[in-house]
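Reader: I am new to protein models. Could you take me through one by question and answer?

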2 protein chains.
Amino acid sequence: MDLHRLRYFVAVAEARSVGKAAERLRMAQPPLSVQIRKLEAEVGAPLFHRGTRGMDLTEAGQALLARAGEALALAADGIEAARAVAAGRRGRISVGYMFVLANAVLPRLIPELRRSIPGVDLDFVDLSASTREARLLDRSVTVALCMPAIHHPEIQVARIGAQRFMLAMPNRSPLARLGAVPMARLQGRPLVALPPPERDPASSAVAALLRRHQIVMPIASRVETVHSAMSLVLAGEGLAILPACAKLGAPRGIVFRPLLDAADSIDIAVCWRRDSQSPLIPKFLKCAEKVVARL
Amino acid sequence: MDLHRLRYFVAVAEARSVGKAAERLRMAQPPLSVQIRKLEAEVGAPLFHRGTRGMDLTEAGQALLARAGEALALAADGIEAARAVAAGRRGRISVGYMFVLANAVLPRLIPELRRSIPGVDLDFVDLSASTREARLLDRSVTVALCMPAIHHPEIQVARIGAQRFMLAMPNRSPLARLGAVPMARLQGRPLVALPPPERDPASSAVAALLRRHQIVMPIASRVETVHSAMSLVLAGEGLAILPACAKLGAPRGIVFRPLLDAADSIDIAVCWRRDSQSPLIPKFLKCAEKVVARL
DNA sequence: CATAGGCATACCGAAATCGTATGGGTTGAC
DNA sequence: GTCAACCCATACGATTTCGGTATGCCTATG
């Protein structure tokens, strides 16, 4: 059965006349008459009373009309919805973010997105360093706000900012009295580290920093997240080298100090599947750049 | 836009593959591929990700799928509903009835109809003698349960029973002491009459009865309904000659007596538009015959 | 490097659709 | 009573669309 026919049927039912309906449909009357009879043949029952003054729905016709109208509307709405999604006027964007960035970025990013892409459902997912790649690849998130960027042939990266590494320590630590900590002072102190480089690229940046300054810090503990790291630092387990923005989520009693002779930083990037042609991605990127620029 | 295409689209989306969908649709793969691309051209955006392992909906595709599925279901449901109505499995039947018959017929008729045509909405309308014809002709009622039948070229009649005329009087009337009242005893007594024959054919049957027995009864009052007639009879305004079934709706203090030498009766009939091909009418007729037979 | 799986393209025959011309029936006016 | 007007139905030829077969391209796999 054809949507075409249903459309004709609705037109005839509304015009209560084949001729009038044909005129409104900008077609000749006979083919319309034929289509109506074909529909009746398909249903197996007359849908109209043929009077001398035009056509009048039978009860079967009324039953069909009620559904046919809705079906037509739904179909039209469907293609319109598809167009709207394709154009980025509606839809859903699922944003994966590293939790360290939450406090620094989300409070400004979310309102920015709502202003920039109203009508789009936002879905924020807290991603660990180890799952962000997989979640992008299986499309369960549309974009990821990463620190640092993901490198993968299927994944496109846009660097939107960077964060200096800082030293996190308890406020009662002797180093806390310094305005900035020389790298040399880290020698031999215990380090609260994030997962090893193969699971979290941030660690390799930290390792590179230490290696370049020929500092060796024994690893006191490995933890999964920046927040866990700060908890252990507060407990006196060791020091941590973390991106500056982690400060915003730090518990009371933790202080951050710049590293005096190290300007190393870690990239903040937006990452997405290369083949994802969602029109929302450029818009998201723009918002994210704007927000991160003001960090 | 074509419902055909939407059906193909849904099939491909569900099978996540053009080939599989083509198989399930019992058609070749290439034309299906073409149809999908035509739909995408119509929408103006890709609906599928083409991977090496098959097809995967884009977000625009998902937006369309949600509506398309419903639209298809509605359309299918619509033609099924039309068939059901045409076959009398569903629908609505609007039954006009003369109020005199209500007490005698409806309590049995309604359950009978519910058993015979479940799924059909019943709609009972109390019709006066003067409107029943118009309500049938403009299709605002499907069938009418009449006493007596309607005569009109557009209206089909099925006689399903008859009611004897009886004399209605107050129980303190001297005639009430008789088991049956001879016609001669009515001579000169005041009559509470229904509307004149041109508005209510029942009156003409009563008039014929009196004329044949050469009885003259002055008309004390004309009333619209049998129930009004009984009220006036109770008030001592006069006697009424009414169908036997009116007894069931009679107020306390009214008695009915047969007319001794008059076997006159008034037909009970089911009437409907000749051009109404509702399959519910034969079923209704059968129920009505069954119920009236037991009066 | 060869094979297999999957979608896209090209071309042809078949089917459905549309438009024009025309018929049949009823309504209403002169 | 006749005739014109109106409206739907049917017939037929022309065009468009659709489906099938053959084939090509790409990628993943062994």
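Reader: How many residue pairs in polar contact are there between chain B and chain A?
Author: First, the ground rules. This is a predicted model: local features need pLDDT of at least 70, side-chain atom pairs count only at pLDDT 80 or more, and totals for chains, interfaces and linings use all residues. Residues are numbered from 1 along each chain as its sequence is written, chains are lettered from A and ligands numbered from 1 in the order in which they are written, and side-chain values use heavy atoms, with hydrogens and water left out. A polar contact is a pair of N or O atoms within 3.5 Å; within protein, one must be able to donate a hydrogen and the other to accept it, and residues adjacent in sequence count only if both atoms are side-chain atoms. Between chain B and chain A, with both residues at pLDDT 80 or more, the count is six.

Reader: Which helix of chain B gives the largest share of the side that touches chain A?
Author: Helices (H or I, at least four residues) and strands (E, at least two) are DSSP runs, numbered from the N terminus. Helix 1 (3-15), helix 3 (29-43) and helix 4 (59-87) of chain B each supply at least two residues of the side that touches chain A. The largest share, 17 residues, comes from helix 4 of chain B.

Reader: Which residues of chain A does Leu64(B) contact, leaving aside neighbours within four places in sequence?
Author: Leu64(B) sits in helix 4 of chain B. Its relative accessibility is 0%, so Leu64(B) counts as buried (under 20% relative accessible area; exposed is over 50%, partly exposed in between; 1.4 Å probe, protein chains only). Contact means heavy atoms within 4.5 Å. Among the contacts of Leu64(B) are Leu6(B) and Phe9(B), and from chain A Gly78(A), Ile79(A) and Ala82(A).

Reader: Which residue of chain A forms a salt bridge with Arg67(B)?
Author: A salt bridge is a side-chain nitrogen of Lys or Arg within 4 Å of a carboxyl oxygen of Asp or Glu. Across the interface of chain B and chain A the rule finds two. In one of them, the closest N and O atoms are 3.2 Å apart, and the partner of Arg67(B) is Asp77(A).

Reader: Why do the buried residues of helix 8 of chain B line one face?
Author: Helix 8 (residues 226-234) of chain B has Val226(B), Ala229(B), Met230(B) and Val233(B) buried. The arc is that of the directions from the helix axis to the C-beta atoms. Seen down the axis of helix 8 of chain B, the buried residues line one face because they fall within an arc of 95°.

Reader: How far apart in sequence are the parts that Glu14(A) and Arg24(A) tie together?
Author: These two form a salt bridge, with closest N and O atoms 3.3 Å apart. Glu14(A) lies in helix 1 (residues 3-15) of chain A and Arg24(A) in helix 2 (residues 18-24) of chain A, so the tied parts are apart in sequence by 10 residues.

Reader: Is Asp264(A) buried or exposed?
Author: Arg212(A) and Asp264(A) meet in a salt bridge of 2.5 Å, N to O. Arg212(A) is in helix 7 (residues 201-212) of chain A, and Asp264(A) is in the loop between strand 10 (254-258) and strand 11 (265-273) of chain A. With a relative accessible area of 16%, Asp264(A) is buried.
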